[in-house]
Amino acid sequence: MSESQPLSASTTPSLLDRLAAIVGEDNCLSRPEELYTYGCDGLTLGSHAPSAVVLPADRDQVVAVVAACRKFERSFVPRGAGTGLSGGAVPMDGAVVIGLSRMVKIVEIDAENRIAVVQPGVVNAHLSEAIAHMGLFYAPDPSSQQACTIGGNVAENSGGPHTLKYGTTTNHVLSVEMVLPDASVVRLGSAAGFAPGYDLVGAVVGSEGTLGIVTEVTVRLVEIPEAVETMLAIFDDVSDACRLVGGIIRSGMVPAALEVVDRRTIRAVEASVYAAGLPTDAGAVLIIELDGAACEMQGLTDRIRELAAREGVRELRVARDAEERALFWRARKGAFGAMGRLAPDLYVHDAVVPRASLPEVLEEICAIGDRYHLTLSNVFHAGDGNLHPNISFDRRNSEELARVVAAGREMLELCVRVGGVLTGEHGVGMEKRDYMGLLFTPEDLEAMRKLRDAFNPDGICNPGKVIPMTRACTEANPRARGYDEVPL
Amino acid sequence: MGVSKNSSCLEALRAVVGDGAFALEPARVVAGGRLVTEVAPKNAEELSACLRALTAEGEAVLVEGAGTQMNYGNPVEGAATLLSCRHLSGVVEFDSADGVIQAGAGTPLRELAKVVATEGWLLPLDPPDRGGSLGGTLATAVSGPRERGLGPVRDAVLGLDTVLASGDRARCGARVVKNVTGYDMAKLYVGSLGTLGVIEKAWLRLKPVPASCRVVELEVPRTEGAFELALAAARRGSARGVGLRAGDANSLEGPGGSLRLVAEFAGEAPATEADAGWLLRGRTACAPAEGGMDAVRDLQGRPLPGGLRARVHVLPLRLAEAWQCLEGPGVELLAYPEPAVLHARFVPRSDGAEDFVWLDEVLGRLDAMRHSLGAEVVIDELPEAAPGDHDVFWGAANLGLMRALKDRFDPSRILNPGRFAGRI
């Protein structure tokens, strides 16, 4: 993948000067070593340095930055914490990165109406921490919640382990303030939960920063459940763990989380600082978390026990206290960190399949990994059918990198074949843009293009993401093609 | 619209669907449209061919599911053809292990609910109009009293097969329960009153039938915090729906009156028992009205010929104020505490068909309340003969973006033109 030339002060004095005048010298980055950090996000398969990075302090600065980029015909890309895993924040074609990390204000907490208004740079976990004493929390909890921002979550429609019961970001966003690519400001949706007209908030959540830049978000808050019960079901075979997931879904129970950690991940975790005391000869563990009223926990736990026994569970541990609960989760949450022991790089793949097909699909995914001689481990949101085959590799080995990419594609083809989709929570970004044809017809994609064009008609905002750029499309839209060619 | 144009349109549709297109004699007057032609495609291919032909003719259509909500929305502009989705009916696939189902837009909602119930699943769609079709329910996206527990209509939809005005078939989403592959297009179609595309079939996410369901009905004096109690009840873990209406104990409403609170708790038996017990602590339940929460839902949806029905969305803590703003003689109110919605029925107060003084007064009150409380207002039903030019979706913002969408999805404006917010 090519490295775009950064804008240097000598070639782009006007735009750089303008950007620096808007956000201040300290918040306008243009030195190559500064720009390098912004060349990719959590997807490290490739890097594209931006031409400049600006860190606006408020909405008005975002408006001014967008207007300046527009005037100088330079595309721009919004960025939260850069934890995304599909390259959504990667600046293609020498775009200017607009980092929202300084917009970290929790503007309002209205506990009685169960809503909060936040700026996009607020870290996901910080919101829940700020409202915990009110007995409330913000439900979407991506694994990166200690770092990722709510603005980024809106862009990606982020989920997390507790999506099964609480839904994803789209179920929790009531309204957004947004700077459109023409530098106008709109407020979409309503704190009352209904706004007349098209569901524009629904369209914006998950649009991966291609429709504009969200500068304020009104979210719904949820009451912290009275009781939580966390169990760890240990299996000899990962297929049995998946079958228990199916059994629980079929039984009518809706646990807060159903997470599978496979054998290879267990071993990596147990050899790391995240060790949780899991048996390293186990085929898989399934974390089952129930929450709700204290009075219903015993009955639910008993039913889980019964179902687990039916699937041949080796051992079912029930967390005795918060400390043990945290220990169970450590295996899950520390998995990605632990995999750092296996290889320098980790490709966290993401796909969804019908839950009933999990055992068979997982088997085939492992076979694909073997066929490509890759180190594959699985840790995933089984309750949603959301797989995360993780491939450990070394990106300096181009031959291995090619195998990673080829195996990744084959896994997606498999998932689509059984009725699944390309991504459950990481987004399409640039990673899967060119795989969209596996799932969608040209007509399907054209409908998406209509939506994008209504907001972002000339493609100046986060170009090159989500929708494949067909030749016809590029020809019809020369400005989108030409942003990287316009001298500043 | 000239006769020759209509007949050429009918011919074009007949070429596509044969007897599935026919002249309406006499013309049907529906949703403000005078319809002289009807076409009822039997499958996606026919629907696609019909829309392609209609676009070629520049002929606007009124799209219909079961035809039960044709009074909802603004009058259609210049449509002489009715496009009925009733034949796009039936379950396509039901995966009872995974709790998902795909069905045609014309499938009656009641039938769908029965099919999923046979396997222990619950259709999470509970609109006030139970006689509707799946497509119509999604296109109108009006929730009933169980939205608290079942979620809004949009959350039930996993994927849609739509046909655009051009005849292009566009699919979005899929059968899986979690998905961010591409834009969340289904959000655009749901609740758009058929103005962006015609829903052909949909994948829905089902909910398990709860192990236990408890309904509690109480008369609560307003001086004793009926609204606060209703909100607290709606925030109990197993609450599926809570409704408040004028009490039976007194015919006159007012600060001294009482309200009837109906609460439905659904889930695991210990939780529903505990929540019902919590609500009844120190209070006496009244004999439940027949139908429980279903009766509340039916009350919300009951038509009011000649009158006005309005839906008011506010923040939960503003609900009591909204109620106070609107109550009075000839007004029937029904409130849901969370998400907070007030349904108001204004009974016409004059025998003279031409006398709409009452209507002006009602509209004025609604408007004043909208501004003072920051509420969102939709008129669900307006007297047919009402004078004036009322957009029933009040105060729709961002019309520029909405029109930009309409222009791209339906550039010739043939799909339900004028019916939606801003008369899109």
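Reader: Where is the place of B:Pro339 in chain B?
Author: This is a predicted model. Strand β16 of chain B covers 331-337, and β17 covers 340-346. B:Pro339 has its place in the loop between β16 and β17.

Reader: What is omega for the peptide bond from B:Glu338 to B:Pro339?
Author: Most residues other than glycine have a negative phi, and most peptide bonds are trans. The bond from B:Glu338 to B:Pro339 is cis. Its omega is near -5 degrees.

Reader: Which strand of chain B is the place of B:Pro26?
Author: B:Pro26 is joined to B:Glu25 by a cis peptide bond, with omega about 0 degrees. B:Pro26 sits in a strand that covers residues 21-30 of chain B. That strand is β1.

Reader: What phi does B:Gly167 take in the hairpin of β8(B) and β9(B)?
Author: Strands β8 (residues 157-163) and β9 (residues 169-173) of chain B pair in the antiparallel sense over five bridges. Within this pairing, B:Asp161 stands opposite B:Arg171 in β9(B). Five residues lie between the strands of the hairpin. B:Gly167 takes a positive phi there, near 95 degrees.

Reader: What is phi of A:Asn157?
Author: A:Asn157 lies in the loop between α5 (150-156) and α6 of chain A. The residue is not glycine, and yet its phi is positive. Phi is near 50 degrees.

Reader: Which strands of chain A stand at the edges of the open sheet?
Author: Four strands of chain A form this open sheet, in the order β1-β2-β4-β3, with mixed pairing. An edge strand has a single partner strand, so one side of it is left without a neighbour in the sheet. The strands at the edges are β1 (28-29) and β3 (76-79).

Reader: What is the bridge partner of A:Ala52 in β4(A)?
Author: Strand β2 (residues 52-54) and strand β4 (residues 96-99) of chain A run parallel. Three bridges join them. In β4(A), the partner of A:Ala52 is A:Val96.

Reader: What area is buried between chain A and chain B?
Author: On the chain A side, 80 residues are in contact with 62 residues of chain B. Carbon and sulfur atoms give 61% of the buried area. That area is about 5700 Å².

Reader: How far apart are the closest N and O atoms of A:Asp384 and B:Lys178?
Author: The count between chain A and chain B is six salt bridges. A salt bridge needs a side-chain nitrogen within 4 Å of a carboxyl oxygen. A:Asp384 and B:Lys178 form one, with their closest N and O atoms at 3.7 Å.

Reader: Which element gives the most to the side of chain A that touches chain B?
Author: Across the interface, 21 residue pairs are in polar contact. Elements of chain A that each supply at least two residues of the touching side include β9 (185-189), α8 (238-251) and α15 (442-455). With 10 residues, the element that gives the most is α15(A).

Reader: Over which residues of chain B is the pLDDT below 50?
Author: Chain B averages a pLDDT of 93, and 96% of its residues score at least 70. One stretch with pLDDT below 50 has 10 contacts in the model beyond near neighbours in sequence. Where pLDDT is low, the predicted coordinates should not be read in detail. In chain B this stretch is residues 250-254.

Methods. Residues numbered from 1 in each chain as written. Chains lettered and ligands numbered in written order. Heavy atoms only, no water. pLDDT = per-residue confidence, 0-100. Contact = heavy atoms within 4.5 Å. Buried area = accessible area lost by both parts, 1.4 Å probe. Polar contact = N/O pair within 3.5 Å; in protein donor to acceptor, adjacent residues only side chain to side chain. Pairing = 2+ DSSP bridges.
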